[in-house]
Amino acid sequence: MAGIQKKAWALVLSLVLALSLLAACSGNGGNNEASPSPSASPADGQSSEGTTGIDTSKRVELQLYMLGNAPKDMPKVEAQINEWLLEDLNATVKFNYTTWTDWDQKYKLLLSTGQDVDLIYTAEWTQYQQYAKNGAFLALDELLPKAAPALQSFVPQEMWEAVKIDGSIYTVPSTYKEYVTGGFVWREDLRAKYNLPKPVDMDTFEAYLAGIKANEPDMQPVAVGAAVDATLEDALLDFYRQNVGALPYGLLAPYKDPSNMVNYWGSAEHLEDLKRFKSWADNGYFSKNELNETESNQDKIINGKAAALFSDNPTRFNSMLNQMKTLHPDWELGYHPFGLTNGYATPVHPIHNGFAIPKNSKKAERALAFYEKLVTDKRYNQLASYGFEGTNYTVENGYYKPVGDNTTNGFVREASNSWAWRNPSFMIFEESYDGIQAIFDELDKIQVPDIYTGFAEDYTTYQAERAALEQVMKQYLFPLMAGQVDDVEGGLQTFMEKANQAGLEKIQESYKQQWLNYLQEKGIQ
Amino acid sequence: MKIKEDSSTKWFRLLAYTVVLAGSILCLLPFLLIISASLTSNEAIIREGYNIIPSDFSFDAYKLIFLIPDDVIRAYGVTIFVTVVGTLLGLLLMTMAGYVLQRKDFKYRNFFSFFIYFTTLFGGGLVPYYMLITNYLNFENSMSALIWPSLMTPFLIILMRSFINSAVPDEVVESAKIDGANDFVIYYRIVMPLAVPGLATVGLFLALHYWNDWFHSALFINDAAKYQLQFYLYNIINTTNFLNSIGAGAGVVLSGPVPSESMKMAMAVVVTGPILFLYPFIQRYFVKGLTIGAVKG
């Protein structure tokens, strides 16, 4: 016994020693870094450069983090930008890319471990609202007028208002206006050939699918893919039940009456919709093996394996159309935005693309000043979005034209994933963009604001239930949606039982409460 | 004189051969599929799925890869460098550790053995690990992040210790000492030559670990020129997976090159091919290694 105790003490002691060693290292690391102390900046006016009211006397290296893969020519672009930036702000910047491998985990690590990060991409699908609410980002309200006055006036006031979480600005929104709303995609040449109806609502869409099934037995009428929750349920709720957004936890709140939030899962409507999907599967509109699909739905359209998509956004539709045209010039694609049937369409929320400064950035002022350059300075903006003119692209008749193709060109249009620093006045588009613009113009006529994306859910009180529910969904709801359960009613009952065991009611109750509070706070009826 | 086999042995043989044959065919099939898919045109794969015999034969995928092969070559370079340096350095450190830990005259050997063993049971988890590498050691974006973390594995140290223990009798060490050898001379003149089979095994395990590693690239490397081979491949697949999983609502359109189905397969062949040919030659060491591992720990 005594021996074990002695060993245990020795162990604890060595652990403590090891820890103190590490702590010592951290102290040194902190001191070595060139960190401009925030208190010193406004006082000494002599070192600050004319236009910006910040201290640029010490040279710093900014760390910018973007999602995705870096284009091949990024180092060259970075070198050129640094040349300008040294002159303008006495700083250099490093464009870091997370790749798409475990990007969400990496994103979390970057923000939670106190790493040297000065600018990081934000969007609603990277959980900007939650991170901002949990204090991962620096509030920019006071920093903006000082470090980036031009940027502050460039972004419209209502956009600054829209990205506020708990009353503070945490991200710089992109001002490029686009629609990522859904719409039916179908093969127009086949529709005309077999004289099928144009899909504008559920009935005509189903008639089109039935017509394809009857006339083109080798084709799969609609591509769904493994993510059936998004491609079937969310799409149907968005279009058919006019949900305010892709609400989680089986909740449904109509856009026209958002405070009337109801439980969709387990309701008569849910059963009806599941039966609809079941009939699609039974009629062979999509494959029995859909949950195991790995090929993308878009590829299936492009290569003629599938004949329709339930829902896709205008930009993706257009890129699909162009890729298909290069392979099969005689094929045609049709598109009908849901908005035209429902009478309203929501442009993207300002949260959709942005850049934030993490809380522990030591170079926040310079980072924001650089971001101002990136957005409002044409040189910076176009270089970081399109590469070098002449080497990577040329401009013909006002249209963007790439040099070479995807494999030989080291920086194709927006390959740097420059979504957030898009500036409408400097943007150059490919000729094919006219197709998207035409759709956008139509949707502009019926536009209404997005009221869902500004909502920041706080799930700390039901985190465990949330994880459990996710498992239950995968196990019981996905096969139901994919039409793999023969007894739909019984299957739905089982799912509801399991979901309630996982704590669905607690989650929904809390979410509803937060939602109502949010609506009241923003004054939305 | 030949011993006559009875019929039950024959039947057993037949059964055993059938099972092994079926098993090896099952193992081979996926490889065949990959190779044939890499030789099929992308359009045919999407329309008809995978076939053992390419339905629409084409070399396009390979042409595209070797049009600009510098990425693949660079990734090969990184992986080979990391594997060679990591294995040599790791072997040096682990044999030294194993040798010291088995010396009977090292008073605290049990404590230190336990200290090493302890880490296999309890780890800090990902976040502290990440912080250690990036914030304290500042290994981010350097080869160090790929080499250091895997240099010493508790399992292999303990394997090395018990191997040296059984292969080098204490008496040999003692007599060397009497002849005037110091501890380090004993280590590299006496112990190392006797422990060659152990070295081969541990070295193989280590080399294989370095060769197959992608995780450290994923976490710590931002510079595309320093990606390991496996990560390079894995990331390509992940990019396509991301595009499939992200909903229409996110509105993400990637403009960079997204590889087609057949290109992914060709990439897999290019990346795994060479090591596949190497494997039959080093396989016997694996078998040996497993039996070494079976000796008491």
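**Entry 1: sheet in chain A**

Two strands pair if DSSP finds at least two bridges between them. Helices (H or I, at least four residues) and strands (E, at least two) are DSSP runs, numbered from the N terminus. The model I examined is predicted; local features need pLDDT of at least 70, side-chain atom pairs count only at pLDDT 80 or more, and totals for chains, interfaces and linings use all residues. Residues are numbered from 1 along each chain as its sequence is written, while chains are lettered from A and ligands numbered from 1 in the order in which they are written.

I looked up an open sheet of 3 strands in chain A and found the order β8-β5-β9, with antiparallel pairing. β8 (308-309) and β9 (333-337) of chain A are the edge strands; each has a single partner strand, so one side of each lacks a neighbour in the sheet. Strand β5 (residues 183-187) of chain A pairs with β8(A) over 2 bridges, in the antiparallel sense. For A:W186, I noted A:A308 in β8(A) as the bridge partner.

**Entry 2: confidence in chain A**

I then read the pLDDT, which is the predictor's confidence in each residue, from 0 to 100. Chain A has a mean of 86, and 90% of its residues reach 70 or more. Within chain A, confidence is highest in strand β3 (residues 119-122), at 95, and lowest in helix α1 (residues 2-32), at a mean of 45. The pLDDT is below 50 over residues 15-50 of chain A. Where pLDDT is low, the predicted coordinates should not be read in detail.

**Entry 3: helix α11(A)**

Helix α11 of chain A (residues 268-282) has 15 residues. I found a reach of 21 Å from its first C-alpha to its last, close to the expected 21 Å; the expected span is 1.5 Å times one less than the number of residues.

Next I checked burial: a residue is buried if 20 or more other C-beta atoms lie within 10 Å of its own, exposed if 12 or fewer, and partly exposed in between, with C-beta atoms placed from the backbone. The buried residues of α11(A) are A:H270, A:L274, A:F277, A:K278 and A:W280. They lie on the same side of α11(A), because they cover an arc of only 155° around the axis; the arc is that of the directions from the helix axis to the C-beta atoms. A:A268, A:E272 and A:D282 are exposed on the other side. After α11(A) comes A:G284, with a positive phi near 80°.

**Entry 4: loop residues of chain A**

Most residues other than glycine have a negative phi. I recorded A:N90, which is not a glycine, with a positive phi of about 55°. A:N90 sits in the loop between α2 (74-89) and β2 (91-97) of chain A, and 16 other C-beta atoms within 10 Å make A:N90 partly exposed. A:T99, also not a glycine, has a positive phi of about 60°. A:T99 lies in the loop between β2 and α3 of chain A and is buried, with 24 other C-beta atoms within 10 Å.

I also located A:G114 in the loop between α3 (103-112) and β3 of chain A. A:G114 and A:P358 are 8.9 Å apart in space, C-alpha to C-alpha, and 244 residues apart in sequence.

**Entry 5: side of chain B that touches chain A**

Two residues are in contact if their C-beta atoms, placed from the backbone, lie within 7 Å. The contact takes 52 residues from chain A and 38 residues from chain B. On the side of chain B that touches chain A, α13(B) gives the most, with 9 residues.
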